[in-house]
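This report looks at one residue first, then at the strands, then at the chain as a whole.

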Amino acid sequence: MPSVSQQVAITLAREREPLLAREIQERMLGHFAGQLIPTVSEVRAVLTACSEFVQPERYRWSFGREAAPHKG
């Protein structure tokens, strides 16, 4: 069974657009049917604690990291 962080990462990796924490949790219900789904508060806690999630827009999250400009 994937951890909450893994569930969030898998869910965001399948999306093209940044999502709200509530939207992530709702999609997790479909992706991980039959498994324990975290609350929206738990999803938010993972999003803010893990460096693999980035907030490109206010309140919206994506999987990945911000890239710095190339200094070449």
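Thr-11 touches Ile-24, Arg-27, Met-28, His-31 and Phe-32, leaving aside residues up to four places away in sequence. Contact here means heavy atoms within 4.5 Å. This is a predicted model: local features need pLDDT of at least 70, side-chain atom pairs count only at pLDDT 80 or more, and totals for chains, interfaces and linings use all residues. Residues are numbered from 1 along each chain as its sequence is written, and side-chain values use heavy atoms, with hydrogens and water left out.

**Thr-11 in its helix**

Thr-11 sits in helix H1, residues 4–13. Helices (H or I, at least four residues) and strands (E, at least two) are DSSP runs, numbered from the N terminus. Thr-11 counts as buried because its relative accessibility is 0%. The cut-offs are under 20% relative accessible area for buried, over 50% for exposed, and partly exposed in between (1.4 Å probe, protein chains only). A polar atom of the Thr-11 side chain lies 2.8 Å from the backbone oxygen of Gln-7.

**Strand pairing**

Two strands pair if DSSP finds at least two bridges between them. Strand S3 takes part in both pairings below.

| Strands | Direction | Bridges |
|---|---|---|
| S1 (residues 19–20) and S3 (residues 60–63) | antiparallel | 2 |
| S2 (residues 53–57) and S3 | antiparallel | 3 |

Which residue of S3 is the bridge partner of Leu-20? It is Arg-60. Arg-60 also stands opposite Glu-57. Further along, Val-54 has Ser-62 in S3 as its bridge partner. S2 and S3 form a hairpin with 2 residues between them. In that turn, Tyr-59 has a positive phi of about 70°.

**The whole chain**

The protein chain has 3 helices and 3 strands. Their order along the sequence is α-β-α-α-β-β. The C-alpha atoms fill a box of roughly 50 × 25 × 20 Å, taken along the principal axes. Of the 72 residues, 31% count as buried. Among contacts between residues at least 6 apart in sequence, 44% join residues at least 24 apart.

The chain exposes about 5000 Å², and carbon and sulfur atoms supply 51% of it. Accessible areas come from the Shrake-Rupley method with a 1.4 Å probe. There are 9 positive and 8 negative side chains, and the centres of the two sets lie 2 Å apart. Lys and Arg count as positive, Asp and Glu as negative; His and the chain ends are not counted.

Technical notes:
A polar contact is a pair of N or O atoms within 3.5 Å; within protein, one must be able to donate a hydrogen and the other to accept it, and residues adjacent in sequence count only if both atoms are side-chain atoms. The place of a charge is taken as NZ of Lys, CZ of Arg, CG of Asp or CD of Glu.
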